[in-house]
Amino acid sequence: MATDLTTARRRLVEYFFVATKTGAGDEALTFQYPATTEADEYPPNILMFMFPCTSSPAHGGLLPPPVYNTFVLTTATGAALYGTSICFCALTSSSDMQHTLTSLCFVSQWPFCGPLLKYLEQLALLGVHQARQVDYVGVEKSLANLFFEVPLPVRGRAGVVASIGDTDVLLKRYTMQDVPFEMDMEFLEYTFAILPPGTLLGVLCHLLLEHAVLIVGVDTLFVTAVAETLRHLLFPLQWDHVFIPVVPLGVDMATLLDAPVPFVAGAHPLQLEGAALPPT
């Protein structure tokens with residue numbers, strides 16, 4: 001029986017979200033594609049992860065630089081979803097210099113965090129250009145290209161190039177012998193560059209002993225990279241306990257730290273203010 005290639009093809013990206021955050025702290029999801037929310041892989045709490053702790057709207061003065069954010073979600077079936085977002089300030093009123101924080105986010109089943117961040121960066125630039133030209137539809141064309149035309153790279157083969165604007169983004173699935181999972185190789189490079197060998201081995205020993213591990217950092221990209229790499233370095237063993245590479249804002253860190261179960265979690269230093277850390 002013939003198979004419909006349109007439905008059988010596995011997509012690079014599952015969802016695209018746009019959210020805004022005002023100076024008063026009000027967050028709202030303003031756009032998502034596709035619109036369905038009934039699929040098993042739909043992340044219902046996506047808004048909690050789209051604005052990292054370091055992103056906040058500006059009030060007058062210079063606009064803050066964009067904030068790059070990555071996170072990992074777990075679906076009801078236990079599968080991992082990889083989120084990448086870029087947060088930037090947009091001027092909403094030239095008279096009083098009020099700014100609104102905008103977040104663009106991709107959610108994918110594949111660990112293409114680095115390439116998708118580059119794609120989001122160019123997508124944001126196209127959005128600024130499109131806002132100045134009524135008939136320009138570069139954003140829609142770029143999204144349609146990524147969702148429906150760019151094929152999923154074959155593991156171990158040459159990568160696939162997704163073009164957006166004047167930028168070519170390389171997506172590649174690397175092969176590691178006898179390893180059933182996939183990971184972002186940039187995450188592996190970041191981890192070995194950040195953690196000294198002794199520290200890395202010490203943390204792995206704690207994970208093997210099923211201890212709770214909290215990764216603290218100001219950049220969610222690097223925090224997620226370390227958490228993901230540590231989890232995969234346990235192979236052929238598997239981490240079956242709580243795994244939250246980026247703890248979203250609003251979660252009570254004191255409750256998490258007092259949890260009687262092992263966990264791997266990541267947090268910003270500001271989230272630990274007032275929380276009693278266990279002795280090291």
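**Exercise 1.** From which domains does the lining of the largest pocket draw at least three residues each?

*Solution.* The model is predicted, so local features need pLDDT of at least 70 and side-chain atom pairs pLDDT 80 or more, while totals for chains, interfaces and linings use all residues. Residues are numbered from 1 along each chain, and side-chain values use heavy atoms, without hydrogens or water.

Step 1. A pocket is an open set of points on a 1 Å grid, where a 1.4 Å probe fits, with protein on both sides within 12 Å along at least five of seven lines; lining residues have an atom within 4 Å of a point.

Step 2. Domain 1 (15-171) and domain 2 (185-272) each give at least three lining residues.

Step 3. Strand E4 (80-93) and helix H6 (220-233) each supply at least two; helices (at least four residues) and strands (at least two) are DSSP runs.

Step 4. Among the 22 lining residues, Ala80, Phe181, Arg231, His232 and Gln238 lie nearest the centre.

**Exercise 2.** In what order do the three strands of the open sheet lie?

*Solution.* Step 1. The order is E8-E10-E9, with parallel pairing; two strands pair if DSSP finds at least two bridges between them.

Step 1. Strands E8 (213-216) and E9 (242-244) are the edges, each pairing on one side only.

Step 2. Four bridges join E8 to E10 (residues 263-267), and valine 213 has valine 264 in E10 as its bridge partner.

Key. Domains from an automatic or database assignment.
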